[in-house]
There are 2 protein chains.
Amino acid sequence: MEATQIRMQDYPGVGPARDVWLLTHDPLRDLADGEVAVALDTISIDPGMSGWITNKRSYMPPVKPSGVMRAFGVGQVTQSRSALFSEGDWVTGFTGVQTHGVYREAALRKIDASLAPPQKFLSGLGMTGYTGFFGMSDIGQPKEGETVVVSAASGAVGSIAAQVAKAAGARVVGIAGGPEKCAYLQSELGLDHAIDYKNCNVGDALANACPDEIDLYFDSVGGETLEAVLGLMKYQGRIVVCGAISQYDDFAGAKGPSNFMSVVTHSLTIRGFTMRDYMHRIPEAIEWLVPAWKDGRLKMREHVVEGIENFPDAYEMIFRGENHGKLLLKVGAPS
Amino acid sequence: MEATQIRMQDYPGVGPARDVWLLTHDPLRDLADGEVAVALDTISIDPGMSGWITNKRSYMPPVKPSGVMRAFGVGQVTQSRSALFSEGDWVTGFTGVQTHGVYREAALRKIDASLAPPQKFLSGLGMTGYTGFFGMSDIGQPKEGETVVVSAASGAVGSIAAQVAKAAGARVVGIAGGPEKCAYLQSELGLDHAIDYKNCNVGDALANACPDEIDLYFDSVGGETLEAVLGLMKYQGRIVVCGAISQYDDFAGAKGPSNFMSVVTHSLTIRGFTMRDYMHRIPEAIEWLVPAWKDGRLKMREHVVEGIENFPDAYEMIFRGENHGKLLLKVGAPS
């Protein structure tokens, strides 16, 4: 059977370059013992992908030239030589950007499609949701009445983080780009204040929105926003860093905050993390997220691009901030 | 009675400028109730002073133009209208750079001059010693067998931090400038490895000295050393930041580490602090430091400049790293 893949031809220079990507059609190989064939339904498009196609030391090895592009995906088992999986099971894992794939059983996790539509397991009920959940609840530990600032607050990670802080009783200020996203933060997510970084001076807007300074900042953008926040942090404040999307496309020239000394003068704690720190605790996230979503207390939205051939567009879209909600690529047959 | 003071005329521009300082001779004012007159013996010269003469938001308000320059000092009470202090008591506190001063009783703390020579209470048994002690033991929490890197390791703070890590059983790599300081790190402080940042590539030297990467970095210099260390940190490593001497003279142009993203990719924790976080716990530091020093297990050395008129030289010396040991200014009569 023929499958379709997106491969990375070679490492891009600085910035995403379209000629990095190659659409190929290779037959699916036969299964060995302990392997499973999966028809993919949906692929997750994440800012972290730019790190995976950067040939330098990071939290996981980069994609190899000519290799299928790494991605999370969900799909259904079509054939199994594993005792752990049966035909029809819904699974997730690092499936790569492809329509069909063969995987070792250890590379996949079953998902319970009776809980929610499968694509939710790539959104609020998936890695990005878990990232927002653990980053805010376990590292950030927001307390009632604290002022919490969340950047990229309408995004896949930030929207969950912001809602977790709200649920803890914090006063939450969200930063997002454009009036539509800011309206969403206030009317849908119920945040206390929304700052449109595309249409104001973020430092001034933050100072207005946080007259008592900032107890906790959930950072997934870095850059100038981090600098603005550093100047407004409360004594012994906390900063959780889960990425720096504003600088992903320019790793080599990424800058640290010029007012880094605030870390000393204000006795700040900065903690970085990725989901690899929490893989063993995923059930805790599901236990909180699923009922909150079912009750309507937790909002999550997805922005779905159709067709594997549109991967290069979707990849660029996320760095331009054009998606509204978790960006997904539907690669399976329309359902 | 006439006293002699060093005053800050006005805020300097970038970098220490000699015309910032003014030597004045003003009579000592009469004591009000609850006040104490002190003849100062020794003044502490600290890198943090540059922050105190920078007119921007920091952990304490800057010195006011024409005001006596802020400094820690030790001296002896010559007159008291406080029930808490008697003539002859040794005291310490923010005394300012002057030969004599009048202070409110709340601004002073008694020191026990029977434990050690008074100047030690500005060195290893004073604020810098406490800073090294709490920063390493309470924040850093080194464990047996861990690789710990200490910058400015021959300095007043770093030398205590390094010895606390050694006492905890860690493998300690010290960074200092020049062969004399590096010899001191190994022969006197017993560190496992010393790196002379003035005579090698720090990144290469660190990579050689830390083949298993770095568990814990005690940073008091920032700048390029912090960048080099960030590239070598172990997964979930810790960084304690207690200052950034390499950038104190250029606050406006201070840079954050360009590889700040390592905080995310390696799940690092960065914690900044100053002694104000630990003022209530000083007795714990004394309890550990005094017996360790008396037994000879803990080494501390001072570099004493004589004469209040030499304050401007001493102030510049610390930013050039020319002092060997805690830099002190003797302002009292020769003892």
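## A tour from the sheet to the buried strand

Begin with B:G174, which stands opposite B:A194 in strand β10(B). Helices (H or I, at least four residues) and strands (E, at least two) are DSSP runs, numbered from the N terminus. Strands pair when DSSP finds at least two bridges between them. This is a predicted model: local features need pLDDT of at least 70, side-chain atom pairs count only at pLDDT 80 or more, while totals for chains, interfaces and linings use all residues. Residues are numbered from 1 along each chain as its sequence is written, chains are lettered from A and ligands numbered from 1 in the order in which they are written, and side-chain values use heavy atoms, leaving out hydrogens and water.

**Stop 1: the sheet.** Select β9 (residues 171-176) of chain B with β10(B). Their pairing is parallel, over 4 bridges. Now widen the view. The open sheet has 12 strands, in the order β10(A)-β9(A)-β8(A)-β11(A)-β12(A)-β13(A)-β13(B)-β12(B)-β11(B)-β8(B)-β9(B)-β10(B), and the pairing is mixed. At the edges are β10 (193-196) of chain A and β10 (193-196) of chain B, each pairing on one side only. From one strand to the next, the twist averages 15°. Angles run from 0 to 180 degrees between N-to-C directions, and axes are lines fitted to C-alpha atoms, for helices over the stretch in contact.

Next, select helix α2 (residues 127-140) of chain A. This helix packs on the sheet and touches β8 (147-150), β11 (214-219), β12 (233-241) and β13 (269-272) of chain A. The direction of α2(A) makes about 150° with that of β11(A). Contact means heavy atoms within 4.5 Å.

**Stop 2: two helices in chain B.** Select α2 (residues 127-140) and α8 (residues 282-294) of chain B. They pack at about 90°, with axes 10 Å apart. So α2(B) is roughly perpendicular to α8(B); that label covers 65 to 115 degrees. From α2(B), the contact residues are B:M127, B:G129, B:Y130, B:F133 and B:F134. From α8(B), they are B:I282, B:E284, B:A285, B:I286, B:W288 and B:L289. By class, this contact of α2(B) with α8(B) has 9 nonpolar, 1 polar and 1 charged residues.

**Stop 3: aromatic rings.** Over all chains, there are 21 aromatic pairs. Rings of Phe, Tyr and Trp (its six-membered ring) pair if their centres lie within 6.5 Å. Select B:W21 and B:F311. This pair is edge-to-face (planes over 60 degrees apart), at 4.9 Å centre to centre and 90° between the planes. B:W21 lies in β2 (residues 21-27) of chain B and B:F311 in α9 (residues 311-320) of chain B, so the pair ties together parts 290 residues apart in sequence. B:W21 is buried at 10% relative accessibility. B:F311 is buried too, at 0%. Buried means under 20% relative accessible area (1.4 Å probe, protein chains only).

In chain A, select A:F133, A:F134, A:F273, A:Y278 and A:W288. They form one aromatic cluster.

**Stop 4: β3(B) and its loop.** Is B:I45 buried or exposed? B:I45 is buried, at 0% relative accessibility. B:I45 sits in the loop between β3 (35-44) and α1 (49-52) of chain B. Beyond four places in sequence, its contacts include B:F311, B:Y315 and B:L328.

Finish on β3(B). Of its 10 residues, 9 are buried, so the strand is largely enclosed by the rest of the structure. Step through its antiparallel partners:

- β4 (residues 72-80) of chain B pairs over 7 bridges; B:L40 stands opposite B:G75.
- β6 (residues 100-104) of chain B joins by 5 bridges; B:A39 faces B:H100.
- β15 (residues 326-330) of chain B pairs over 3 bridges; B:S44 stands opposite B:L328.

Notes:
Parallel < 35°, antiparallel > 145°, perpendicular 65-115°, else oblique. Nonpolar A, V, L, I, M, F, W, Y, C, P; charged D, E, K, R; others polar. Buried < 20%, exposed > 50% of the residue type's maximum accessible area, 1.4 Å probe, protein only. Phe/Tyr/Trp six-rings, centres within 6.5 Å; stacked < 30°, edge-to-face > 60°.
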